[in-house]
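Me: I would like a close look at a single part of this model, namely one place where two chains meet. Please take me through that part in one connected account.

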Number of protein chains: 4
Amino acid sequence: MIDGCPPGIAIAPEDFAHDLARRATGKTRHTSARHEADEVEILSGVYEGRTTGTPIALLVRNTDARSRDYDRIAEQFRPGHADYTYWQKYGARDPRGGGRSSARETTMRVAAAAIAKKWLAERHGVRVRGYLAQIGEVLPRSCDWAAIESNPFFWPDAAQVPELEAYMDALRKSGDSVGARVTVVATGVPPGWGEPVYGKLDAEIAAAMMSINAVKGVEIGDGFAAVMQKGSAHRDEATAAGFLSNHAGGILGGISSGQAIVASVAFKPTSSLRLPARGLDVHGAEVEITTTGRHDPCVGIRATPICEAMLALVLMDQALRHRAQCGDVGEVFPRIPGQALK
Amino acid sequence: MIDGCPPGIAIAPEDFAHDLARRATGKTRHTSARHEADEVEILSGVYEGRTTGTPIALLVRNTDARSRDYDRIAEQFRPGHADYTYWQKYGARDPRGGGRSSARETTMRVAAAAIAKKWLAERHGVRVRGYLAQIGEVLPRSCDWAAIESNPFFWPDAAQVPELEAYMDALRKSGDSVGARVTVVATGVPPGWGEPVYGKLDAEIAAAMMSINAVKGVEIGDGFAAVMQKGSAHRDEATAAGFLSNHAGGILGGISSGQAIVASVAFKPTSSLRLPARGLDVHGAEVEITTTGRHDPCVGIRATPICEAMLALVLMDQALRHRAQCGDVGEVFPRIPGQALK
Amino acid sequence: MIDGCPPGIAIAPEDFAHDLARRATGKTRHTSARHEADEVEILSGVYEGRTTGTPIALLVRNTDARSRDYDRIAEQFRPGHADYTYWQKYGARDPRGGGRSSARETTMRVAAAAIAKKWLAERHGVRVRGYLAQIGEVLPRSCDWAAIESNPFFWPDAAQVPELEAYMDALRKSGDSVGARVTVVATGVPPGWGEPVYGKLDAEIAAAMMSINAVKGVEIGDGFAAVMQKGSAHRDEATAAGFLSNHAGGILGGISSGQAIVASVAFKPTSSLRLPARGLDVHGAEVEITTTGRHDPCVGIRATPICEAMLALVLMDQALRHRAQCGDVGEVFPRIPGQALK
Amino acid sequence: MIDGCPPGIAIAPEDFAHDLARRATGKTRHTSARHEADEVEILSGVYEGRTTGTPIALLVRNTDARSRDYDRIAEQFRPGHADYTYWQKYGARDPRGGGRSSARETTMRVAAAAIAKKWLAERHGVRVRGYLAQIGEVLPRSCDWAAIESNPFFWPDAAQVPELEAYMDALRKSGDSVGARVTVVATGVPPGWGEPVYGKLDAEIAAAMMSINAVKGVEIGDGFAAVMQKGSAHRDEATAAGFLSNHAGGILGGISSGQAIVASVAFKPTSSLRLPARGLDVHGAEVEITTTGRHDPCVGIRATPICEAMLALVLMDQALRHRAQCGDVGEVFPRIPGQALK
């Protein structure tokens with residue numbers, strides 16, 4: 001459900017297809033073998049191809065759920081998984097794939113963000129992009145936006161793709177999984193989006209990213225690297241020609257500066273492994289737990305469009321809130337040009 | 001303003017004093033020389049020493065503002081500071097210390113959290129503590145909770161305090177600043193606090209921490225270290241005797257597991273420096289900017305009680321929300337003992 | 001979408017059927033001739049017949065929309081209808097029946113409230129009922145709960161039903177419509193539900209009722225009759241045997257008193273009439289407007305289950321919020337028995 | 001606390017004085033004898049006489065509280081008062097005047113609305129006014145806006161003022177109280193403010209009015225009179241010259257039509273009377289309760305500025321939300337002139 005969306009945005013089922021395909025499983029051997037159709041049915045809020053301003057309801061059905069995969073784990077708590085916490089919170093749990101703790105839940109985030117991305121681009125010239133910035137111990141040797149969409153990893157250095165493929169093949173064979181880091185960047189965001197106390201732009205980005213399954217960390221700009229920096233190095237100086245750096249990641253005091261918004265996100269390694277682990281069942285008995293379903297060896301691989309989606313949704317919300325409060329402030333100061341993005 | 005607080009909590013002005021003193025400036029040469037009285041006036045919501053259940057209003061006045069310190073910067077945008085973003089958002093800015101982008105704003109967070117800490121401790125046995133986990137390149141060589149409150153840095157290794165003092169003295173003399181990392185830990189949190197989609201416990205912690213001035217990164221549990229971990233190492237196995245590790249930082253699927261909640265926070269180095277920087281003034285002219293006010297060379301030093309405060313506020317909110325929805329679920333499964341905290 | 005619903009509530013598609021049938025059109029000649037199947041598909045949040053605690057998504061499709069009925073009015077603003085305001089707000093409008101300004105939108109309110117009614121009854125013994133308290137100038141001569149469900153008007157005096165049928169037949173023949181008053185009553189609500197400032201119980205009931213299509217007024221207890229009352233008559237005195245009256249309608253200071261909650265709601269006469277009216281089209285030209293679709297001559301007739309639904313939803317929300325804040329207050333004072341309901 | 005207020009609004013302590021004086025007690029013998037200074041201290045959010053866009057905190061202290069007046073009732077539940085419901089909800093109660101269930105609480109609503117009224121007038125030409133439309137059985141014989149501010153009752157017919165004074169004198173002498181009806185009108189509201197499902201303009205007005213102490217009913221436009229109207233009479237026809245009537249009270253489908261917004265509010269008679277009543281004390285004993293404090297014989301007399309305040313606050317909220325979502329829709333259709341207001 002999307003409420004409060006501006007009217008008049010041209011939107012069609014096909015508009016969702018691009019990013020949903022980027023997020024989808026089953027396209028390479030490196031992700032889960034599930035083949036979800038990811039067809040978006042628009043239930044309301046769009047008339048003659050344009051948003052009406054009233055609530056938009058989108059429906060994407062699970063078409064490749066194999067609930068029998070979950071039979072064995074219905075009575076077990078997989079280590080590192082939400083099985084146990086759901087059980088303790090609610091006294092019950094839906095063990096089938098596609099529940100609210102499944103990465104399947106992110107489908108709708110990507111679908112909704114297709115509208116946000118379109119609006120941000122058309123109305124403000126904002127572009128939201130991302131890439132896989134680390135997988136296990138592997139780091140990109142270069143960063144080329146053109147490379148990212150040409151490999152299944154969203155990896156910014158095309159030359160490293162064979163290395164990554166070998167890495168993933170070995171990982172898959174071992175039955176293990178690995179973590180990853182995703183970096184997302186929004187260019188074209190004007191200065192002024194965000195709030196001073198509640199609803200700070202960076203706080204909302206942090207919540208949005210941390211709400212994605214398997215995320216354990218969020219950074220804005222230099223993030224944890226700032227711990228070791230001196231203030232004289234971190235602060236982004238400016239001249240009339242523009243900012244000289246972008247350590248802040250485009251946000252100061254909770255409000256966008258006009259530079260590129262840069263956020264990095266840490267994904268933990270998947271917990272659903274073929275390798276046995278010690279755990280408990282719902283009767284409290286110690287059991288050896290293995291997972292045989294179709295799971296990703298690295299959830300971070302498909303996470304780039306999800307992180308982009310969350311950034312786009314937060315930015316559009318903030319853009320609308322800014323228009324609400326400051327729609328008549330006008331351009332108060334010639335915008336300082338932003339630094340070329342990270 | 002605190003709304004929705006349970007009635008009957010014994011609270012007195014003195015209850016705020018402890019944490020406010022921990023947060024206060026002016027106690028050592030390593031923090032800003034401001035001497036704020038930090039006296040809390042309870043305007044409403046407390047009667048005969050107990051909360052009434054109706055909104056609580058607290059007032060702490062600034063008593064040591066020296067607005068003249070800000071005269072020179074009223075027309076300049078300090079690099080790395082919210083001056084520019086406020087100006088662009090609102091078309092105006094209150095340049096005096098104590099504005100919403102000042103660390104002074106965190107006083108009320110600490111005051112409000114005094115109530116939350118008390119309630120969490122009395123009602124659930126939850127204890128929220130924190131420490132400075134890194135300053136610049138300096139890391140603790142050991143971690144002893146007893147040491148933390150006995151030095152002005154909240155540093156967990158007493159033997160390193162002279163080294164830190166020398167480090168800070170040199171830093172202050174240089175006119176520069178440095179970043180820091182704070183780690184906060186909540187023990188005693190029962191399993192089940194949090195939400196499955198919106199309002200995930202980790203998402204709310206991330207937003208709460210990122211909303212603190214100068215924060216650029218948040219981690220839950222192993223955080224960014226998980227990027228390089230294998231799933232077989234990261235997932236926290238369990239036996240009937242308890243969890244065997246706590247890489248997750250006490251949260252799975254947005255819901256607490258009953259283990260210690262562990263969050264780490266990155267603070268950037270202060271931007272207000274005596275060292276000159278290139279910047280612009282409100283007329284667009286290039287200016288050399290130096291800041292002469294009383295600023296902290298490392299805002300992270302005083303940040304431990306602030307991070308504790310934000311964690312306590314989030315936990316109490318989540319505890320109440322959990323009681324709303326699941327107040328009658330009961331203990332559905334014998335709680336798995338948590339790992340000794342990080 | 002229902003979020004925050006307690007887990008463990010037994011719920012099946014059939015549970016929705018009863019109230020949806022009460023709300024449905026097409027059962028008598030006195031309501032619109034549309035025949036909607038009103039089949040509820042549970043998309044999420046229910047597993048093995050019980051709510052899981054995670055968000056519940058319900059889907060009811062329109063199966064008897066005749067969009068061609070709307071062709072003629074697509075370019076006209078029907079007087080007294082939201083056509084004009086939607087057009088002015090959004091710059092566009094979905095003219096087909098079933099849009100957000102259609103009474104069809106209340107289907108989901110009734111569906112969602114089926115869960116709320118069940119929870120309120122099972123957990124708290126709360127019963128939510130309603131009746132048609134006036135139609136045009138016709139008032140009930142007696143009030144018998146048993147009569148209400150045995151006639152299509154929810155009229156509390158069975159003897160008057162033939163008179164009402166004749167009244168409605170004449171009205172329908174005339175092509176005109178008429179207003180109505182619905183009264184809803186919740187018994188068994190314990191004292192203490194509601195909030196002191198924001199979220200007052202009566203304020204939330206008022207908003208909930210006023211949000212129903214065609215509603216123009218809301219009263220709690222004696223409502224506008226209190227304007228002419230003396231304080232000595234209005235205030236509900238109490239003895240150890242109970243309250244002696246219920247002028248307050250069960251709410252004092254925004255919080256339930258333990259007496260029956262009583263709310264009355266005014267429905268305006270439908271604006272979609274066969275009788276021609278003066279209006280404008282989207283080009284600004286004056287046009288004569290008549291409506292030929294299948295519309296209710298009195299929307300109030302089917303409104304009783306809708307008003308019940310809104311009351312049930314507000315009560316369940318407030319019950320959960322009360323449990324959040326005051327779940328451990330306990331029964332502080334022996335409850336004063338309530339007055340037999342209005 | 002006011003959050004989200006646009007920056008740049010000129011505001012000074014004196015701006016609050018006008019409406020606070022209209023709301024104040026102690027000016028005539030017909031209202032409570034309390035003499036509150038009602039001095040507004042601006043704690044934050046205003047710099048050099050203009051709002052900064054950051055949260056605005058206002059403080060008005062009670063200066064004429066006589067807590068001893070409440071000693072006797074501290075252990076009694078006054079019939080018709082929130083004493084009992086607070087006690088049952090919270091297990092405790094602050095019996096002193098000025099608590100959250102006191103009409104004193106409306107001071108801040110009027111103060112906050114001074115900003116909203118100013119913004120609405122300057123930015124949109126919206127004017128919010130009100131009058132006392134009924135007191136007991138007395139109705140205005142004519143309605144002249146000029147008369148309203150020249151008498152302490154906000155009565156629209158100057159010729160009736162002596163009659164009202166005699167009425168109130170007799171009432172006060174009798175020790176009793178009486179109800180009242182207040183009507184508020186906002187002119188100049190453009191079409192398009194409001195929301196289609198959640199946050200309907202009329203729903204928010206209803207909640208806002210019902211949240212005022214002692215209110216028992218709310219009407220929009222014709223309100224309950226619509227129950228007896230025919231659709232052909234109620235629907236507001238339009239020609240190119242404008243709307244021909246305003247039965248809808250300026251709202252259709254939850255969205256403003258461009259006509260005057262008209263709301264009527266029912267105030268119950270005060271429950272705090274010198275006349276004894278049967279009630280209980282906190283020990284469950286039956287007691288005879290009389291109230292000796294300084295109370296209003298008709299709270300409706302001072303309620304006009306309070307109702308205006310709530311209408312202004314809702315309208316400004318909705319104006320900002322409309323700008324957020326539809327700020328670029330533009331004037332899509334020449335506005336139909338509104339009917340001269342009720």
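Reply: In this predicted model, 13 residue pairs are in polar contact across the interface of chain B and chain C, with both residues of each pair at pLDDT 80 or more. On the side of chain B that touches chain C, helix H8 (residues 304-326) of chain B gives the most, with five residues. Sorted by class, that side of chain B has 11 nonpolar, five polar and four charged residues.

Charged side chains also meet across this interface, where the count between chain B and chain C is four salt bridges. In one salt bridge the side chain of Asp328(B) meets that of Arg123(C), at 2.9 Å from N to O.

As for extent, 20 residues from chain B and 20 residues from chain C take part in the contact, and the area buried between the two chains is about 1500 Å², with carbon and sulfur atoms giving 52% of that area. Within chain B, the residues that lose the most area to chain C are Arg323(B), Gln325(B) and Asp328(B), which together make up 37% of what that side buries.

To place chain B among its copies, chain A can be laid on chain B with an RMSD of 0.0 Å by a turn of 180° and a shift of 0.0 Å along the axis. The two copies are therefore related as by a two-fold rotation axis. Of the interface residues of chain A, 100% are also interface residues in chain B, so the copies meet through the same surface.

Methods. Residues numbered from 1 in each chain as written. Chains lettered and ligands numbered in written order. Predicted model: local features only at pLDDT ≥ 70, side-chain atom pairs only at ≥ 80, totals over all residues. Heavy atoms only, no water. Contact = heavy atoms within 4.5 Å. Buried area = accessible area lost by both parts, 1.4 Å probe. Polar contact = N/O pair within 3.5 Å; in protein donor to acceptor, adjacent residues only side chain to side chain. Helix = DSSP H or I, 4+ residues; strand = E, 2+ residues; numbered from the N terminus. Nonpolar A, V, L, I, M, F, W, Y, C, P; charged D, E, K, R; others polar. Least-squares fit on C-alpha atoms with pLDDT ≥ 70 in both.
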